[in-house]
Amino acid sequence: MSLSTSTPATYELLVSLLAKCPKSIEILPGDGALWIHSEDSSDEATFAPFLFLSNNLGIPQKVLHQAYIHAVGVFKEVRKLSTRPSQEIQGKDNPAAVQILIGSSSVLILANPSHQTALNARKLLVKKKLIDPRTELCFIASLLSSQHCAKHAELWYHRRWLLSYEAHETWPPARLPAGVGETRRDLLFASQTDLQQELGLLSHACEVYPRNYFAWTHRLSCVRSLLSNHLTNPSKDPNFVVILRREIDGIKRWIEHHVSDYSAVHYILTLSRDVLQCKSLFLEEVIDKEGMLAHAIALVREYPGHEALWLYARIAPLIFGTREGEQIEQFVESFVRPLASQNSTTSAWDDVANQLESSEYAGLYLSRRAKIDNPSK
């Protein structure tokens, strides 16, 4: 590794940069040699071998691997304190050890977002009030801005735990909705701003890592908690209907621009099912007005070569029941059956492949519908 600084010094610099909660983090190929200039006195040279511009952090992959190896040893040594009753880390008595544990675990989680031991160590520090929950949420948000981290379920679970813990620990009991479970799995947001920031973080994570199932699952958990709180205390949450409409409209637009995102399709269908199962006439009207079946059919007609959209059109009738039966039959007879029986008439190979794929999806749609209509066969 062609670096002018030693591994311990590079490790300490990385720890300090992560503590700033960068707006974004990106793992860069190589060792940073392309932008390291020993005579350069600019701000870029100050943070070499890292790039740190406008609170955006770039980390060379090889440098991260070296820092990770160093962090493993540091983390192992400082954790020995917590296994000795006479030397357990208490913060006030051993603040240096706490900072070492925080710093080493941050590097471990960045390099390996599924590092359960490091994540559990940070949970323990949060419980002991040695890490502020809001600071930890900020740190996790920085990690989730990276494609490398956004795809790991463990990191999303850690964030859900933090959101729940922070609300139950800091909110006065009078603010907690009645019926909130003692298991502390409910996700609560202090304001509309906090909710929108969380949803914005999720949208960015789904952009940097397409079809991000774990991010969409986290989003579903957030909205489900809002739904549960609304049903328990509708008078305390009058804005939920506005939030629900805005959310469904936003996801419909997302699917229009990400026609292969089957995780987004799964999300909007699951959310609609959850709302309808509440047996609230008012909420049912909200779902009906969104016209999701018509939306799915329109997208399939426009982009028949995308399996996710066929899933959208096939599952939507199962959720919305027979209320749209006439629309479904018209779609089947005017579009699906002709497409399923269509033979390729074009000479362009790409067009042939797309047409055959669309025909196959149409045939599968008809096959699945036949099993639903005649389950005994």
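The model is a prediction in which local features require a pLDDT of at least 70 and side-chain atom pairs count only at pLDDT 80 or more, whereas totals for chains, interfaces and linings use all residues. Residues are numbered from 1 along each chain as its sequence is written, and side-chain values rest on heavy atoms, with hydrogens and water left out.

The secondary structure of the chain amounts to 17 helices and three strands, where helices (H or I, at least four residues) and strands (E, at least two) are DSSP runs numbered from the N terminus. Of the 377 residues in the chain, 46% are buried, a term that denotes a relative accessible area under 20%, with exposed meaning over 50% and partly exposed the range in between (1.4 Å probe, protein chains only). The chain exposes about 19300 Å², of which carbon and sulfur atoms supply 52%; accessible areas come from the Shrake-Rupley method with a 1.4 Å probe, and for residues only the protein chains shown count as cover. Among contacts with a separation of 6 or more, 69% are between residues 24 or more positions apart, contact being defined as heavy atoms within 4.5 Å.

Helix H1 (7-18) has twelve residues and should span 16 Å at 1.5 Å a residue, which agrees with the 16 Å between its end C-alpha atoms; the expected span is 1.5 Å times one less than the number of residues. The buried residues of H1 include Thr10, Tyr11, Leu13, Leu14, Val15, Leu17 and Leu18.

Cys21, in the loop between H1 and strand S1 (24-28), is not a glycine but has a positive phi of about 55°, and it is buried at 12% relative accessibility. Ser54, located in the loop between S2 and strand S3 (56-60), likewise has a positive phi, of about 50°, without being a glycine, but Ser54 is exposed, with a relative accessible area of 64%. A cis peptide bond, with omega about 10°, joins Ala48 and Pro49, and Pro49 is found in the loop between helix H2 (43-46) and strand S2 (51-53).

Two helix pairs were examined for packing. The axes of helix H4 (residues 95-111) and helix H5 (residues 116-127) come within 9 Å and cross at roughly 145°, axes being lines fitted to C-alpha atoms, for helices over the stretch in contact, and angles running from 0 to 180 degrees between N-to-C directions. The crossing of H4 and H5 is left-handed, that is, the near helix is turned anticlockwise from the far one by less than a right angle, clockwise being right-handed. In this pair, Leu101, Ile102, Ser105, Ser106, Leu108 and Ile109 of H4 meet Ala118, Leu119, Arg122 and Leu125 of H5.

The axes of helix H9 (residues 192-208) and helix H10 (residues 213-232) also come within 9 Å and cross at roughly 160°; the two helices are therefore roughly antiparallel, a class for angles over 145 degrees, with under 35 roughly parallel, 65 to 115 roughly perpendicular and the rest oblique. The contact involves Leu195, Glu198, Leu199, Leu202, Ser203, Ala205 and Cys206 of H9, together with Ala215, Trp216, His218, Arg219, Cys222 and Leu226 of H10. The crossing of H9 and H10 is left-handed.

Thr270, which lies in helix H12 (residues 262-276), is buried at 8% relative accessibility. Apart from neighbours within four places in sequence, Thr270 is in contact with Leu220 and Arg224.
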